[in-house]
Amino acid sequence: MSVTPPATIRPNGKVVACAKSEASRQHLELAIRRAGYDCVSVGSIQDLRAILLNDMIAAAVIDEPESAAEIETLDAEVRRAEKPTQFILLPSIGQRMTPPRSASCDVLDPPLTPERIGRALFSCVARAQLINENTQLRQKLEGRMFDGLIGISDATRELRSQIHAAADHEQPVLVCGEQGSGKSEVARAIHLTRSGPGQPLLTIRCSLLTSSVIERELLGDQNNEGRFGAAAAGTLVFEEIEALTVGQQHQLAEIILNNAFPHAGNYVPLRARIIATTSANLRELCMQDKFSTQLLRVLERTVIVVKPLRQRMDDLPVLAEHFLQQCSVKEGQPIRRLSDEALSRLMTYEWPGNARELENVIARCCSLTNDPVITGNEIEPWLEQNDESTELPGLTLREMERKLIEATFNRFGGNRELTAKALKIGIRTLSGKLREYGYPPRGGPGSNRREERVA
């Protein structure tokens, strides 16, 4: 009785055949396709280099390569680009080739039967697949673990490199970027990379404090050492640095340049690292005499620009998953996930509010449903762009409240329970507000319960 051998799972991957002659390319393509792999062919090493650096290729089969050194150079370029490509070299009969030093290069001597090529491809494609999976896992772990700076995109990896470079010196750092892009996380990452969690990280939110309060907070008095002193051996962050008065900007520049600050009639050495963040164009403000040119020169020694979320959309799935986990921990609920439709919708949105807006959207969806999967329909209401925005300038607090309530009420199609839950107010409070705005009573005309009780 014969026993059927178990089926072999063939690894997936794209293969490139490189040969100078058309006949050789056709022969290789046929052998590769017979082995069950997608295949494209090129006629030169230059064309091969271009496709390897711009596409995800599992294996490259090179017919009669000029030399092992040429392949080693190409292999080094591919590794620097973090590509998993493996090489199969096919020397001609009588051709003597020194095996390349790279572990990713195999030499397959004649006779070159389709079976031998197929077995070599199986080994190389499987190796490439494993390398690719390990690379993705490493990038994913790196994206989660770097001091709260979540992301796996090329832009975020470059940002981490800049953070490490900034942590290697003690000069001031200017972090620029749109609102909600993650400037505070970058400042925190610089601090933790340089000083560690045991040293103080203090923040001055310049736009929220008056000039007199900022001065008292920074310099202190006889009974208070102030933020400059309290942040010694740590980091002092100035959020929205442009909100300081021009006089305070000049004073800060002098403190940094002199490496000392006035306190209780004396000058005390400045031992805190200074980081400033801004969403403004400081050069333009300097031209308008609204920002100190001296302070800008001091801060411009090290500038880190945080790209907006729409320019690093590879980060969005990891960010969304991170925010979902945060919501689950806060609410003591099982971790939710996004449906494919919901994630697809998030990927097509422009995100004017950047990562902070994404966090708010995820939090609102989690607060309105206990379902394990968040759908596209639950995401959509929070992504609508309309003229009802509550962020219009010049509105009074009462007008902004009305805009917010009406916009939320419309998002939920007039459902008062969902609206009240989203706004975190009582249903009676919501009904009272809507009555003020001229909306019909709950249930429609003629169903006002208060009027019924009076009658």
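What is the mean pLDDT of the protein chain, and what share of its residues reach 70 or more? I looked this up before anything else, as the model is a predicted one. The mean pLDDT is 84, and 88% of the residues reach 70 or more.

**Entry 1: confidence**

**Entry 2: the chain as a whole**

I counted the secondary structure and found 19 helices and 14 strands in the protein chain. Of its 455 residues, 40% are buried. I also examined contacts between residues at least 6 apart in sequence, and 68% of these join residues at least 24 apart.

**Entry 3: the sheet S2-S1-S3-S4-S5**

Which strands are the edge strands of this sheet? I first recorded that the sheet is open, has five strands in the order S2-S1-S3-S4-S5, and is paired in parallel. Its edge strands are S2 (38-42) and S5 (105-107), each of which pairs on one side only. On average, neighbouring strands are turned by 20 degrees against each other, direction ignored.

Strand S1 (residues 14-18) runs parallel to strand S3 (residues 59-63), and four bridges join them. I identified Ala-60 in S3 as the bridge partner of Val-16.

I found another open sheet of five strands, with the order S7-S8-S11-S6-S12 and parallel pairing. Strand S7 (201-205) and strand S12 (303-306) stand at the edges with a single partner strand each, so one side of each has no neighbour in the sheet. The twist from one strand to the next averages 20 degrees.

Strand S6 (residues 173-177) pairs with S12 in the parallel sense over four bridges. Opposite Gly-177 I found Val-306 in S12.

**Entry 4: Val-173**

Is Val-173 buried or exposed? I placed Val-173 in strand S6, and its relative accessibility is 0%, so it counts as buried, the limit being under 20%. Leaving aside neighbours within four places in sequence, I listed the contacts of Val-173: Ala-166, Ile-190, Arg-273, Ile-274, Ile-275, Ala-276, Thr-302 and Ile-304. I also checked Val-173 against Arg-301: the two are 128 residues apart in sequence, while their C-alpha atoms are 7.2 Å apart in space.

**Entry 5: Asp-315**

I located Asp-315 in the loop between S12 and helix H12 (316-331). Asp-315 has 0% relative accessibility and therefore counts as buried. Not counting residues up to four places away in sequence, Asp-315 touches Ile-150, Gly-151, Ile-152, Ser-153 and Thr-156.

**Entry 6: the hairpin S9-S10**

Strand S9 (residues 260-263) and strand S10 (residues 266-269) run antiparallel and are joined by four bridges. The bridge partner of Pro-262 is Tyr-267 in S10. I recorded that S9 and S10 form a hairpin with two residues between them. In the turn, Ala-264 has a positive phi of about 50 degrees.

**Entry 7: helices H17 and H18**

At what angle do H17 and H18 pack? Helix H17 (residues 416-423) and helix H18 (residues 427-436) pack at about 105 degrees, and their axes are 9 Å apart. H17 is therefore roughly perpendicular to H18, as angles of 65 to 115 degrees count as such. On the H17 side I found Arg-416, Glu-417, Thr-419, Ala-420 and Leu-423 in the contact, and on the H18 side Ile-427, Leu-430, Ser-431 and Leu-434. By class, this contact of H17 with H18 has five nonpolar, two polar and two charged residues.

How values were computed: Residues are numbered from 1 along each chain as its sequence is written. This is a predicted model: local features need pLDDT of at least 70, side-chain atom pairs count only at pLDDT 80 or more; totals for chains, interfaces and linings use all residues. Side-chain values use heavy atoms; hydrogens and water are left out. pLDDT is the predictor's confidence in each residue, from 0 to 100. Two strands pair if DSSP finds at least two bridges between them. Axes are lines fitted to C-alpha atoms, for helices over the stretch in contact, and angles run from 0 to 180 degrees between N-to-C directions. Angles under 35 degrees count as roughly parallel, over 145 as roughly antiparallel, 65 to 115 as roughly perpendicular and the rest as oblique. Contact means heavy atoms within 4.5 Å. Ala, Val, Leu, Ile, Met, Phe, Trp, Tyr, Cys and Pro count as nonpolar, Asp, Glu, Lys and Arg as charged, and the others, Gly among them, as polar. Buried means under 20% relative accessible area, exposed over 50%, partly exposed in between (1.4 Å probe, protein chains only).
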